[in-house]
Amino acid sequence: MASPNDLKFQEFEEAAELLSADPGASTLSMSGSSTAPPVGGGGGGGGGGEDVKLDLSEDEEGVEESSELLGGPKPTSGFWTFEYYQSFFNVDTMQVLDRVKGSVMPLPGRNFIKHHLRNNPDLYGPFWICVTLVFSVAISGNVSTFLRQMGNPTYHYRPEFHRVTIAAAVIFMYAWLVPLGIWGFLTWRQGAERQIGGYSFLETVCVFGYSLFVYIPTSVLWIIPFEWLHWVLILVAMVISGSVLVLTFWPVVRDDTKVMAVATVVTIVVLHTLLAIGCKLYFFHTEDHKTTQVSTTPPTHTTLTTKPH
């Protein structure tokens, strides 16, 4: 019965016998750096064995290319498919909460896109923020009007459902058309000035959408019937949301010419301010209704009589 050592070295002994029978045989080395010494049975009479190295570089490159093709990004579906739009809503609750927190707590030097989106913009947060803001502005405006007119006996409350339509048109147009204009302008400046950076259209829509979140609690607090409080709240909201936009877009446009950089940031702030003030004046306008007392005394008519001469 063969021992384990005999079984273990049997193949090597057979190889040694073959080499001793043919000293000029060559050996294969699987290592790219080391060579196998010639094995010969004779003294120095036999010629040194020639090492043949096995080059696997081409095979390794082929494997790497195949792995890149398999592990790389899969081709996206067409824009008419559901899977294409599903990727825009691929976020979890913690990511959305972190982005909402970043939109109401802007810090100097912290770019919203770089620190919160991290190359993963979404449409889930901006969409629901816009929808919530539409209903909060419209409903709060109706409630505010009702509370202001409670002491007016001539006022009859009628729900103004058309305000929902107007709020939806204004807010969604702002959340889509303004980012489209800013993205198009930055793309154009990238062609004119090579050192100018930029964001994708989805990232631009995302930062504008999240910047509107602060107006949701602000619109609810506008129900309180104090005009001075309304303007204080709108000022605070504009500073917070405007800071998010400025801290995000200034690092991109600051390498442009000074005039274009300042004009771009001022345009963004002005459009944002017009949206806030426009919603305040239209949905929460204050009218001074003065009750007029109607006199019950019939008017006195004077008749002039003429005497014939």
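**Aromatic contacts in the predicted model**

In this predicted model, phenylalanine 112 is buried, with a relative accessible area of 3%. Tyrosine 210 likewise counts as buried, its relative accessibility being 0%, and both values fall under the 20% cut-off that applies to buried residues.

Across the structure, 12 aromatic pairs were identified. One of them is formed by phenylalanine 112 and tyrosine 210, whose ring centres lie 5.9 Å apart and whose planes meet at 45°, so that the pair is classed as tilted. Because phenylalanine 112 belongs to helix H5 (residues 112-117) whereas tyrosine 210 belongs to helix H8 (residues 201-211), the contact ties together parts of the chain that are 98 residues apart in sequence.

A further aromatic pair, of edge-to-face geometry, is made by tyrosine 174 and phenylalanine 208, with a centre-to-centre distance of 6.0 Å and an angle of 70° between the planes. This pair also links distant parts of the chain, since tyrosine 174 is located in helix H7 (residues 162-192) and phenylalanine 208 in helix H8, at a separation of 34 residues. Tyrosine 174 and phenylalanine 208 are both buried, and the two residues belong, together with Tyr199 and Phe249, to one aromatic cluster.

Apart from the ring pairs, a contact between a charge and a ring was found at tryptophan 188, where arginine 189 lies over the face of the ring at 5.1 Å from the ring centre.

Definitions and conventions: Residues are numbered from 1 along each chain as its sequence is written. This is a predicted model: local features need pLDDT of at least 70, side-chain atom pairs count only at pLDDT 80 or more; totals for chains, interfaces and linings use all residues. Side-chain values use heavy atoms; hydrogens and water are left out. Rings of Phe, Tyr and Trp (its six-membered ring) pair if their centres lie within 6.5 Å; planes under 30 degrees apart count as stacked, over 60 as edge-to-face and the rest as tilted. Helices (H or I, at least four residues) and strands (E, at least two) are DSSP runs, numbered from the N terminus. Buried means under 20% relative accessible area, exposed over 50%, partly exposed in between (1.4 Å probe, protein chains only). A charge sits over a ring if NZ of Lys or CZ of Arg is within 6 Å of the ring centre and within 35 degrees of the ring normal.
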